[in-house]
Amino acid sequence: MLDPDISAADSLRLLSVADDAPAGLNRRRFLQLVGMGVGGGVALRGVESVWGRGLAGALREAWAAPPVGPNEGIVVLVGMLGGNDGLNTLVPYGDGHYYDQRPGVAIPPEQVLAIDGAVGLHPRLGFLKSLYDQGQVAIVQGVGYPNADLSHFNSMANWMSAQPGTSNPTSGWVGRWLDGVGGSADLFRASTVGASVPLHMVGVTRQASAIPEHGFTFGAAADVHDTRMFDALTQMSAGTGGRGPWHDAMATMLANQLEVGRQIGPLFTDDLPTGTIARKLAIAARLINADLGMRVIDTSFGSFDDHAGEPSNHAALLGSLDDALRTFFATLDPRFRSRVTVMTYSEFGRTSFGNDSQGTDHGSASCHLVIGSGVRGGLFGAAPNLAGLQRWDRLGHTVDLRSMYASVIDGWLGGGSSAVLGGTFEDLRLFSYAPGTAPGAPAFVASGGGFVPLVPFRVLDTRSGIGAPPGAVGAGGGVSVGILGRGGVPNAGVVSVVLNLTATDATEPSYLTAWPTGRPMPYVANVHVPVGRAVPNCVIAEVGSGGSVDIANTFGATHCIADVVGYFAQGMPGRIEPVTPDRVLDTRNGIGAPVSRIGAGQTIDVVVGGRGDVPADAQAAILNVTVTSPSSAGFATVWPSFVTQPDTSVLNFDRGRTVANLCFAKLGKEGKVALFNSHGDSDYVIDVLGYTSSSASARLVPIPASKLTDTRPGNGGDGPLGPGSTMPVQVLGRGAIPDTATGVLLNVVVAEASADSYLTVWPSGEARPTSSNINPEAGVTSSNLVLMKLGADGAVDVYNDAGSLHVIVDAVGYLVA
Amino acid sequence: MADPADVAHLLRRTEFVARPSRISALQALPLSAAVDDVLNVPPTSLTIPAEIATQQADHNYEQFVFALHWWLDRMVDAPRPVAEKMALFWHGHFCTSWDKVFDTGWMMEQHKLFRDQALGNFRALAHGMSQQLAMLIYLDGIDNHRDSPNQNFARELMELFVLGVGQYSEDDVVAAARAWTGYGIDWTTRTYRFWPADHDDGPKTFFGTTRNWDGPGIIDEILRDDAAKKRVASRFLARKLWEFFAHPNPPQVVVDAIGDVLLASDMEVKPALRALLLRPEFYSDTAKTGLVRTPVEYVVAVHAQTGLRCADTNPEWTMEAMGQMPFRPPNVAGWKPNRYWVNTSAWAARTDFARRVTWKLREGHAWDHLETDSPGAAIASLEQAFAISLAPPTRAAMAGFFAAEQYWWRATNALTMTMLAPELHLA
């Protein structure tokens, strides 16, 4: 019997009811919603003017929650109903007990998507794995509660109420959080996508609204006749019926339903996915994008109650979740991306032992997922201990579910966990960033092999029709860009290509994603672009089928420009050597060139090879190129000196703005690069961070983004970095970085800068060089990639020049011989 | 002479709607005689239509829809439908779902048990349901083997069917699961069969007694032999009956009184239900306003009051979103009352259904008079047709609507509004 056990599939719906009074649905609340206060109903009924023309337009405004603030978090819950098997989600494939205890159910080790030598994800969680590799997934192991209950219903009640052991709980943790949120409206503060409101979304005084997954439009008036009907139906709740609380509650619910229909009807279009969780999460993303003020959205699916036929059932469900998460993040407007966290729940895990039906039975503790760009990726809690277990033994919990909730409430929902949970629980510190501050995905995808630099060549410019027909790339649109066999890139052996990817002329805030052709689109935001600015970024992209890289835009329409500056290929000698940063050009004070701004259309040569630590035979240099105080918008090009100037750009800039970008630059004769300034006049600064040559020894290895430091006190930091201050950042011994690493690729983010400043990163233990890596503007969050040699103690130092600012440093790759 | 309001309440709760013919027949009687009239339905043996008596694998969904229409229409057609109401109760109590059983014929076998023994003996029903193919599949009895017990049925039997949470230990679940090993299906004849070789006949300790327990012995121990457990079970069922017919959270005195009747009759349901329907608390305002019509009750009421049939309204399209689809309960705990149905999403499905019914009603001309009736006359005719009395805010809203609207929309939208008025949704 492959059918899921529907008996447990929707235990959530069982818990959708409090059997007692219709709390939260009463007339008092309704009148508060319409802004009239208790007692206002009498006046409402008697006021002729609201009839026919007023009620809808004037009063419904009161229903709308205020928009979600730029630093307010949004949580999307994914219920895995029926009891998800944590041991087949995060698979302990390094543990022989796992295979001994569940033959026929265990995932073969070669199928596991390995995280490390001990654990890996289920093979159908490929997208989740890609997010994990980007440091955006926290996997909390061993989540449960004391005296685990094996009943679907009791255990789900414990999870939803967050009051384990309470018999017949009447409120849930999200509901009680909702009780404490200010503002008068709650229809759109929290919603569940489904047919009923589950217990965790019910508070003492408030509850979430329910939005059916098939949508509805009853309430969205098409003409005056609809309006008359809807207004009359709404007026049925304008005063108590005197028939008991349920009569009034139903009248109120009718008015609420009309309002929800009016607001959300337009979100339901024919192109929504049809699978349960895919559809629900797509709706959740649209609800967020609609900016109705949603802070918590609940979704769920199942059944995970795999007493029998688990291998196929469970794979299908996890696969549908993986696909649904991909759809969710692809649908989510980038302006909300750094404000959204997804978290799973399930009533329990399953027995470590399999049964005779290729299934597992009700268990206790299990692992859960917390996903988002603000999340501190990695494994949390203790791994389950399978040694010595017997058939009916259950796994002990090591993390209290209230601790997971507290971490999310305090880390992402604005705090107040002790009031919601009735006690203080350990903060697991699941977040690296506060809501709204994450930099988006790191720009680093894949590499390997030796680096071969090229004279940059343009493979895509949608403004002029290079590589694609002229015209901006629309929302969801993309282009395949042929890489192999062009501009000196060979037809074989290429692992990845180094691009300078630029987005410009965006009609809406959007982002570009680059990935290998023929593979599913990952959620990687390689370039975030606001309206009205051109933003470049260095991207190392794997090359896919047909020798191509796909580049897609997500929202609005955006022009895309891509320049190839080199590639990594197997068997090639181009190893990398990081160096202490060395300033090779500063036109403001005569380093590398006379003191003179570079004028419109002017080119200068800059000596890089054979200078400082860079040998004369270096083939390429890793440069940080900075333009400062340009008098006009324009662009800069860097290429090997003494060859024809290519039609490419390393930097695009706006008037007055200081912008830096990491650049892999092929060196020309005499170790020189040429630098061209297109418009206006500008000062330029170039720092060399490393080089490639036949004598260099290190290769670049990508890793999941790994947090090295975060100065914000809410994230464990000691406070902002002050003016003229230096902060050490230990690299060796952290995350996946081996002790033999000689350099590191960092994604450095600066937030909350109080003044315009610059940051310098250099190997610790050495004198601070006169270089810079990132140029924050006061009040603007900015980021850049930094390739850096490690100091003798395996650390780098970070210096801030002016004002105070917060620094967040992630390692996204390392150099090793 | 019973109070007409009490009679109407009695009928709404036991027969889905208070039909005028039934009110006039019962209100001349003392209340106890009226209750007896409701309960003393002749014993029947349901004949399952050939269309759904056995599974036709390539028409599985069509068979499900047939079964749904057949039962919902029967709730409307039955002259004295208390057995249909109790069959709905047992369906929500000894839950199985077509979603997992996936065989309409086997769902019908179980339905026939619930319907034929609707007012029968609780213990006999428990024994009967334990051997039904639908239950053996739904709670994994067929996967409960001597060498690898599956606890699903043993656990839910005690938690949800006869005792309630907290009345047994994990060890009792383990023992009961072993006792139920070997009760399965003969797939060649597609019938229930006990497989002795797959039954664990070793000693098991259940509720403190060690012996070679078997499955039926577990039910008999709880519902016959262990006086303390039988008492717990009597309260468990009494509470659930009260919550189904009267209101949630019954006073303990009511639960004890009905439970005592169950014990005195050795778990016969009809005397207990009679005692329930004669309790003064059943006629309190709390009870009369204490239940929201379930989707089944709402659909049946609308059909009964408009003359439409399932074939006209296709409730299979809207009932799942309302939150209740017969033969497809959401989980083994069945459906819960009140707040479960009152949310924006479930309400949207009721608006869908009301709209659908409206179009069907407007295909004829019976309601054309609403286009021109005075507001008072229009409201009166709607109240009579739908057997409701509008509360003041609803009446004011309807009156305002009739004063403002005209022509086709006046009749059409008034019908929808009546079917959405809270009065029609109170059980």
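In chain A, three strands form an open sheet in the order E32-E36-E34, and their pairing is antiparallel. Two strands are said to pair if DSSP finds at least two bridges between them, while helices (H or I, at least four residues) and strands (E, at least two) are DSSP runs numbered from the N terminus. Strand E32 (725-730) and strand E34 (759-763) of chain A stand at the edges with a single partner strand each, so one side of each is left without a neighbour in the sheet. Neighbouring strands of this sheet are turned by 25 degrees against each other on average, direction ignored, where axes are lines fitted to C-alpha atoms, for helices over the stretch in contact, and angles run from 0 to 180 degrees between N-to-C directions.

This is a predicted model, in which local features need pLDDT of at least 70 and side-chain atom pairs count only at pLDDT 80 or more, whereas totals for chains, interfaces and linings use all residues. Residues are numbered from 1 along each chain as its sequence is written, chains are lettered from A and ligands numbered from 1 in the order in which they are written, and side-chain values use heavy atoms, with hydrogens and water left out.

A second open sheet of chain A has four strands in the order E23-E30-E25-E28, again with antiparallel pairing. Here strand E23 (575-586) and strand E28 (659-666) of chain A are at the edges, and because each has a single partner strand, one side of each lacks a neighbour in the sheet.

| Strand pair | Sense | Bridges |
|---|---|---|
| E32(A) and E36(A) (residues 795-800) | antiparallel | six bridges |
| E1(A) (residues 74-81) and E8(A) | parallel | seven bridges |
| E6(A) (residues 190-193) and E8(A) | parallel | three bridges |
| E25(A) (residues 620-628) and E30(A) (residues 683-693) | antiparallel | nine bridges |

In E8(A), Thr299(A) stands opposite Val78(A), and Ile297(A) stands opposite Ser191(A). Strand E8 (residues 296-302) of chain A is mostly covered, since six of its seven residues are buried, where buried means under 20% relative accessible area, exposed over 50%, and partly exposed in between (1.4 Å probe, protein chains only).

Taken as a whole, chain A holds 16 helices and 37 strands, and 64% of its 817 residues count as buried.
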